[in-house]
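Please look through the structure below slowly, and keep it in view while you read the explanation that follows.

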Amino acid sequence: MSDFAGMEDLLQDFLQEAHDLLSDVDNKLVDLEKMPDDRGLLNDIFRGFHTVKGGAGFLNAAELVTLCHLTENLFDRLRNGELELNPELMDVIMAATKGVREMFGELGQMVLPQPADAHVIAALQGALNGQPPGAPVVAPAAAAPATPPPPPVSGGEPDWHALHATLTGAPVPPATEGELIAKAEAVPASVAAAAATPLAPVADGAAPSPFGRRATDRPGAQPTNARRTEERGMRESTIRVDTSRLDQVLNLSGEIGLTKNRLTSLRADILAGKNDSETLHALDQAVSQLDLLVSDLQNSVMKTRMQPIGRLFQKYPRIARDLARQLGKDVELVLAGEETEVDKTMIEDLADPLIHLIRNAVDHGVEMPLERQAAGKPPKSLVRLEARQEGDHIVLIIADDGKGMSAERIRAKATEKGLISEEEANTLDERQSLNLIFLPGFSTKAQISDVSGRGVGMDVVKTNIQKLNGSIEIRSEPGKGSVFIISLPLTLAILPVLLVLLGGQPFALPLSLVREILPIEQERIQEVGGKETLVVRGEVLPVISLARLLGWPLERYPEYGVFMQTAERSFILAVDSFAGRDDAVIKSLEDFRPKGVAGVTTLSNGQIVLILDMKELLADLGQHPDMAAGLRALAHV
Amino acid sequence: MAADPKMKFLVVDDFSTMRRIVRNLLKELGFTNVDEAEDGAIALQKLQGGGFEFVVTDWNMPNMDGLTLLQTIRATPNLKHLPVLMITAEAKKENIIAAAQAGASGYIVKPFTAGTLSEKLNKIFEKMGQG
């Protein structure tokens with residue numbers, strides 16, 4: 001049974017808006033570390049917590065109200081100069097922000113949040129009472145005074161009229177001034193103890209705190225893990241769209257309706273035998289117009305799904321900052337191109353890979369401040385996260401100015417871990433060597449335990465990017481830093497494909513994998529280990545025939561080769577001929593999905609074409625990424 | 001007390017969820033003629049456009065907060081008669097006094113129900129009827 005029956009819509013709205021607010025607060029917190037006295041920042045952060053508190057009250061999320069209220073009070077003190085920000089206090093604030101986020105996760109699951117971590121509450125209270133933070137955060141024993149909360153103050157809210165009368169000097173029949181002030185100090189019962197702090201006497205340090213936790217509260221962080229997994233399962237099912245974009249869709253669908261009417265009337269004319277040049281010209285015009293309108297409509301609909309990637313980027317400076325602090329490094333995450341628009345589903349699927357790459361840059365990429373100084377670099381490291389659109393692709397760049405990666409050391413590590421043999425290692429060039437870090441099992445133990453925390457290794461990063469029809473590339477210069485370049489299609493709904501022919505039947509290959517097309521000259525085919533290879537500009541590539549992959553008999557010798565590059569390998573796919581390129585609108589085969597088929601699309605002549613999933617087709621050819629392994633695997637085909 | 005259900009309200013809050021809450025509560029009370037503004041500055045612009053009969057405003061907002069909005073309304077000849085109900089999360093004495101001094105018609109603390117809102121509105125309507 002949901003705690004929010006009848007309020008689901010409101011809850012969704014609240015969560016979406018509150019999430020944005022909190023991300024904004026997170027970023028401002030990172031800025032605040034650099035400018036601890038910036039009143040504007042302090043004000044904004046104060047208001048963030050304040051606003052969330054206000055909304056949470058209407059959702060009866062008392063624990064969220066309490067947590068926000070305490071944090072807000074802390075910022076009130078900070079902005080009034082009554083408290084000074086120090087790193088310990090910052091940690092308390094960060095922990096509180098995390099608590100708020102976890103509560104959003106619970107709300108997303110339609111349950112009322114559990115009380116925040118008692119240490120965090122105690123630390124906040126301590127800070128408000130002027131105690132140096134630190135001790136309560138680490139010492140659970142000191143954390144939770146087991147006093148029950150004071151009974152809600154009765155008396156309801158301030159008597160506005162009476163107060164107003166008092167202030168304006170008008171006669172006040174029912175109450176004396178003293179009573180009025182007392183009433184003004186009372187708080188509405190529904191806000192409960194939370195809102196009472198500013199008025200509660202705090203001078204006496206020994207006095208039971210108005211925020212005392214319930215005696216049953218466990219001081220451990222036990223609920224936190226459960227929360228985290230819950231939050232992970234949550235996926236936004238709603239989207240916010242600029243109304244002008246929706247208006248455009250509406251406008252276009254209206255125009256299409258009009259054009260359809262025109263066509264209907266023309267059809268009637270033509271069926272009635274009217275086929276003079278004027279009628280045909282009108283038909284031609286109407287169809288061209290429809291053509292234009294439909295493609296405009298497709299674009300507009302696509303645009304409603306586009307969201308600025310900044311919404312995703314927002315979270316990262318905080319993550320980078322937390323990790324850097326944990327590791328004793330000084331790292332600044334610089335964002336660029338936040339306004340770049342990306343398909344909404346893609347934004348969600350990019351979240352984890354990007355977190356991993358950023359953590360990787362902070363953890364493994366950049367050096368400790370002393371090490372940097374010794375190398376003649378500024379002690380503060382820069383990690384740059386950038387997005388931009390290049391043609392029909394979105395490019396994401398994660399660059400650090402750290403120590404870079406040595407191809408040699410990576411090769412050595414991969415051999416040491418038994419991922420590749422020594423002979424294989426020797427055949428790899430620089431780029432191929434760097435790519436070894438994407439092999440499953442390459443990631444070090446540290447990455448799996450505390451850095452990723454979610455068991456995401458570089459191999460998963462790569463797989464996730466590939467699922468989005470994207471690719472990832474590494475460039476690195478020892479001593480200067482490393483760059484990860486992710487390239488993604490603008491949208492997942494339309495896939496540029498290359499149409500190839502085999503036995504007269506067209507097949508579609510994702511164009512993103514195609515590097516070039518070349519004729520296959522029989523005499524240039526060389527046999528290596530009993531298998532066919534072709535040398536392209538010094539690179540020895542296996543020739544794999546599409547007929548063989550599909551299990552078709554090889555009827556005639558293929559004339560063309562498609563130089564393809566998937567994550568695992570480069571190879572030449574041998575086909576009969578080409579039919580050109582097309583932007584395929586993918587229709588998935590829901591129930592019936594033959595192996596190696598990603599979906600189907602319809603050509604302009606109405607013919608149905610299978611879109612091939614190269615990865616799946618090649619899966620039988622072995623797992624190893626390098627050419628030698630590919631060749632070895634080929635022997636079994 | 002008979003308030004005109006066509007009375008035009010302006011709900012001012014920077015948090016759109018909150019505007020929606022207030023709008024829904026007003027609807028429950030039979031007031032459907034509601035416009036919204038994101039902060040005091042936008043609210044003032046809308047108010048200058050005319051037609052509004054009641055302002056419900058949050059206190060804490062960027063650009064122009066609720067108190068400044070209230071003070072500006074009271075200092076503007078063609079707006080100063082408007083009833084202004086302040087909404088805030090605080091029940092702090094100094095806030096209430098500040099609102100009273102600035103000439104607020106009422107003050108309501110979050111969270112509240114339709115019942116509480118109705119009570120507040122009726123008190124203000126009564127006072128308006130007398131004055």
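Helix H15 (residues 344–365) of chain A lies across S2, S4, strand S5 (393–400) and S7 of chain A, and runs at about 20 degrees to S5(A). Helices (H or I, at least four residues) and strands (E, at least two) are DSSP runs numbered from the N terminus, and contact between two residues requires that their C-beta atoms, placed from the backbone, lie within 7 Å. Axes are lines fitted to C-alpha atoms, for helices over the stretch in contact, and angles run from 0 to 180 degrees between N-to-C directions. This is a predicted model, in which local features need pLDDT of at least 70 and side-chain atom pairs count only at pLDDT 80 or more, while totals for chains, interfaces and linings use all residues. Residues are numbered from 1 along each chain as its sequence is written, and chains are lettered from A and ligands numbered from 1 in the order in which they are written.

The strands under discussion belong to an open sheet of five strands with the order S2-S4-S5-S7-S6 (chain A) and mixed pairing, where two strands pair if DSSP finds at least two bridges between them. Its edge strands are S2 (331–336) and S6 (471–477) of chain A, each of which pairs on one side only. Neighbouring strands of this sheet are turned by 15 degrees against each other on average, direction ignored. Helix H14 (residues 316–327) of chain A also packs on the sheet, where it touches S2 and strand S4 (381–390) of chain A, and its direction makes about 165 degrees with that of S2(A).

Strand S15 (residues 570–575) of chain A is mostly covered, since six of its six residues are buried; a residue is buried if 20 or more other C-beta atoms lie within 10 Å of its own, exposed if 12 or fewer, and partly exposed in between, with C-beta atoms placed from the backbone. A:Ser570, A:Ile572 and A:Ala574 point one way from S15(A), whereas A:Phe571, A:Leu573 and A:Val575 point the other way. Strand S13 (residues 539–545) of chain A runs parallel to S15(A) and is joined to it by three bridges, while strand S14 (residues 560–565) of chain A runs antiparallel to S15(A), with six bridges.

In chain B, the buried residues of helix H3 (residues 66–75) are B:Gly66, B:Leu67, B:Leu69, B:Leu70 and B:Ile73. Seen down the axis of H3(B), these residues fall within an arc of 160 degrees, so they line one face of the helix; the arc is that of the directions from the helix axis to the C-beta atoms.
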